Amino acid sequence: MKRLSRTSEIRTQNLTIVQPMLTLQPLRKLTLDFSVAGLWRTSIRDGVYSLGGQVLRSGNETDSRFFGKRATAAGRYTLNPFTTLGFYTIYGDVSEKFKPGRDLFYGAGYVTFRF
């Protein structure tokens, strides 16, 4: 039995995702995105998979359809027409029915150069 690790991201295979998003632009050069998602298995007979296709949970480990929820926050700041600074964070809360999988927290910052 594999555990959902802190570094695993969930693949969209066999997942139904409802994810409303709010986008704010408090400054002309700054954009902020916030979203909350509910994650359900489309088929309770199929498993949950990592981005690489490995089985994180097989279809026979639980009969629960609800897998968990996640919240994201992201931002982009345009320094000039050629350079953008950004960040992205995600927190995933695994349902009790899918324990001993672990909750996920991920954050990243980036710089984009266009030429």
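Asp33 sits in strand β3, which spans residues 30-41. Strands are DSSP runs of E with at least two residues, numbered from the N terminus. This is a predicted model, where local features need pLDDT of at least 70, side-chain atom pairs count only at pLDDT 80 or more, and totals for chains, interfaces and linings use all residues. Residues are numbered from 1 along each chain as its sequence is written, and side-chain values use heavy atoms, with hydrogens and water left out.

**Asp33**
- Asp33 is buried, at a relative accessible area of 13%. Buried means under 20% relative accessible area (1.4 Å probe, protein chains only).
- Its side chain makes a polar contact of 2.7 Å with the side chain of Thr23. Another, of 2.9 Å, links the side chains of Asp33 and Arg76.
- A polar contact is a pair of N or O atoms within 3.5 Å; within protein, one must be able to donate a hydrogen and the other to accept it, and residues adjacent in sequence count only if both atoms are side-chain atoms.
- Beyond its neighbours within four places in sequence, Asp33 is in contact (heavy atoms within 4.5 Å) with residues including Met21, Leu22 and Ala73.

**Asn14**
- Asn14 lies in the segment before β1 (15-18).
- Asn14 is not a glycine, yet has a positive phi of about 65°. Most residues other than glycine have a negative phi.
- Asn14 is buried, with a relative accessible area of 11%.

**Confidence**
- pLDDT is the predictor's confidence in each residue, from 0 to 100. The protein chain has a mean of 86, and 90% of its residues reach 70 or more.
- pLDDT stays under 50 over residues 1-8.

How values were computed
Helix = DSSP H or I, 4+ residues; strand = E, 2+ residues; numbered from the N terminus. Buried < 20%, exposed > 50% of the residue type's maximum accessible area, 1.4 Å probe, protein only.
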